[in-house]
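Subject: Structure handover and findings

Hello,

Here is the structure you asked for, with its sequence. My notes on what was found in it come after.

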Amino acid sequence: MQAFLIRRLVQSLLTLFGVSIVVFLMLYFTPGDPVTIMLQGSNATPQQVETLRHQLGLDQPVYVRYVDYVTNALQGDLGRSYQTRESVLSAILAQLPSTLELTFAALFIAIAIGLIFGIIAAIRRDTWLDTLSMNISLFGVSIPNFWLGMLLILAFSLHVKLFPAIGTGGIRHLVLPAVALGWGYAAIIARLVRHSLIEVLHHDYIKTARAKGLVEHAVIGRHALKNALIPVVTIVGLQFGHMLANAVIIESLFARQGIGRLIVTGILSKDFPMVQGVVLFAAAGYVLANLLVDVSYAFLDPRIRFS
């Protein structure tokens with residue numbers, strides 16, 4: 001287990017290193033000059049422009065800027081925003097709770113709905129319940145989350161007026177964004193649970209458990225479902241990273257606070273340190289989620305732990 005963890009940690013660091021290179025070069029070759037945007041409308045002289053460019057380090061060769069960025073990042077310094085001169089890490093940490101609140105709420109909805117629909121579809125295979133559950137799942141996979149978000153705003157904010165359409169606040173402000181973000185992932189989980197559970201229910205140890213006289217809910221809950229959840233755990237770990245990325249769209253749609261608004265504002269204003277910091281931070285969360293998924297295998301399946 002220790003060797004496995006070390007190997008996965010090394011792979012994770014290499015992944016983050018690759019992400020940092022790709023993002024840095026993409027921003028470097030993006031058209032537009034951050035200094036010009038910052039001084040727009042200020043009637044700055046060419047000397048003032050060059051002074052600001054030197055202060056921001058934009059007059060340095062690209063490899064020097066990248067080495068400085070990586071060196072500072074390894075020390076926990078993601079730089080300062082070109083626009084606000086605020087620490088990028090401080091800005092991310094200030095907005096992170098709102099994004100995590102949305103992501104975990106959406107993940108909870110996805111897992112809860114996905115498990116319910118998937119288990120019902122597997123137990124009632126080839127019945128109308130199976131057909132209904134899978135059709136609902138197909139609807140969730142087919143519709144984009146931003147379009148679902150607009151439909152939810154139209155139905156439950158403008159017509160029924162149960163939930164607020166925009167803003168960040170209590171649970172009422174969280175319901176619609178979380179459903180919009182989590183519903184499509186719930187559909188994926190439901191279909192995967194159905195497939196895995198049907199396959200597990202045909203194994204010999206399930207037949208043995210039934211032969212011993214165990215009631216059906218005990219067979220499914222204590223024996224079948226645990227092993228059927230192994231591929232589900234994998235997809236949930238991947239979905240967490242996808243949700244962090246898609247939270248950018250949902251936060252913009254519902255005018256919520258969060259790191260999504262930071263990266264959108266950073267892209268529009270060519271605020272390179274802010275964009276690099278948010279992307280690297282999100283990539284670290286994605287890599288960490290996948291690492292936790294790999295470790296959780298050992299606790300779900302003894303065969304993996306003992307091997």
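Contact, as used below, means heavy atoms within 4.5 Å. Helices (H or I, at least four residues) and strands (E, at least two) are DSSP runs, numbered from the N terminus.

This is a predicted model, in which local features need pLDDT of at least 70 and side-chain atom pairs count only at pLDDT 80 or more, while totals for chains, interfaces and linings use all residues. Residues are numbered from 1 along each chain as its sequence is written, and side-chain values use heavy atoms, with hydrogens and water left out.

Overall make-up

The protein has 13 helices and 0 strands. Of its 307 residues, 39% count as buried. Buried means under 20% relative accessible area, exposed means over 50%, and partly exposed is in between (1.4 Å probe, protein chains only). Taking contacts between residues at least 6 apart in sequence, 74% join residues at least 24 apart.

Helices α5 and α6

Helix α5 (residues 88–123) packs with helix α6 (residues 128–142) at an angle of about 145°, and their axes are 8 Å apart. Axes here are lines fitted to C-alpha atoms, for helices over the stretch in contact, and angles run from 0 to 180 degrees between N-to-C directions. The crossing of α5 with α6 is left-handed, a term used if the near helix is turned anticlockwise from the far one by less than a right angle (right-handed if clockwise).

On the α5 side the residues are Phe117, Ile120 and Ala121, and they meet Leu129, Asp130, Ser133, Met134 and Ile136 of α6. By class, this contact of α5 with α6 has 6 nonpolar residues, 1 polar and 1 charged. The classes are: Ala, Val, Leu, Ile, Met, Phe, Trp, Tyr, Cys and Pro as nonpolar; Asp, Glu, Lys and Arg as charged; the others, Gly among them, as polar.

Pockets

Grid points are joined across faces, edges and corners, and a volume is the space filled by probe spheres set on the points.

The largest pocket has a volume of about 420 Å³. Its lining has 19 residues, and Leu56, Arg65, Asn72, Tyr82 and Pro273 lie nearest the centre. At least two lining residues come from each of α3 (46–56), α4 (62–74) and α12 (272–300), and α4 has the largest share, with 4 residues. The lining divides into 8 nonpolar, 6 polar and 5 charged residues.

The second largest pocket holds about 360 Å³ of space. It is lined by 15 residues, of which Leu16, Ala73, Leu74, Leu280 and Ala284 are the closest to its centre. Here α1 (2–28), α4 and α12 each supply at least two residues, and α4 again gives the most, with 5 residues. By class, the lining of the second largest pocket has 13 nonpolar residues, 2 polar and no charged.

Single residues

Tyrosine 69 is found in helix α4. Why does tyrosine 69 count as buried? Because its relative accessible area is 10%. Leaving aside neighbours within four places in sequence, tyrosine 69 is in contact with Phe24, Leu78, Gln276, Gly277 and Leu280. Its C-alpha atom is separated by 9.5 Å from that of glutamine 276, which is 207 residues away along the chain.

Alanine 187 sits in helix α8 (residues 171–200). At 3% relative accessibility, alanine 187 is buried. Beyond neighbours within four places in sequence, alanine 187 is in contact with Ser137, Gly140 and Val141. Alanine 187 and asparagine 135 are 9.4 Å apart, C-alpha to C-alpha, and 52 residues apart in sequence.

Proline 97 belongs to helix α5. With a relative accessibility of 51%, proline 97 counts as exposed. C-alpha to C-alpha, proline 97 is 9.1 Å from isoleucine 259, and the two are 162 residues apart in sequence.

Alanine 255 lies in the loop between α10 (216–253) and α11 (259–268). Phi of alanine 255 is near 55°, a positive value in a residue other than glycine. Most residues other than glycine have a negative phi. Alanine 255 is partly exposed, at a relative accessible area of 34%.

Regards

Technical notes
1 Å grid on protein atoms, 1.4 Å probe; cavity = no way out; pocket = protein on both sides within 12 Å on 5 of 7 lines; lining within 4 Å.
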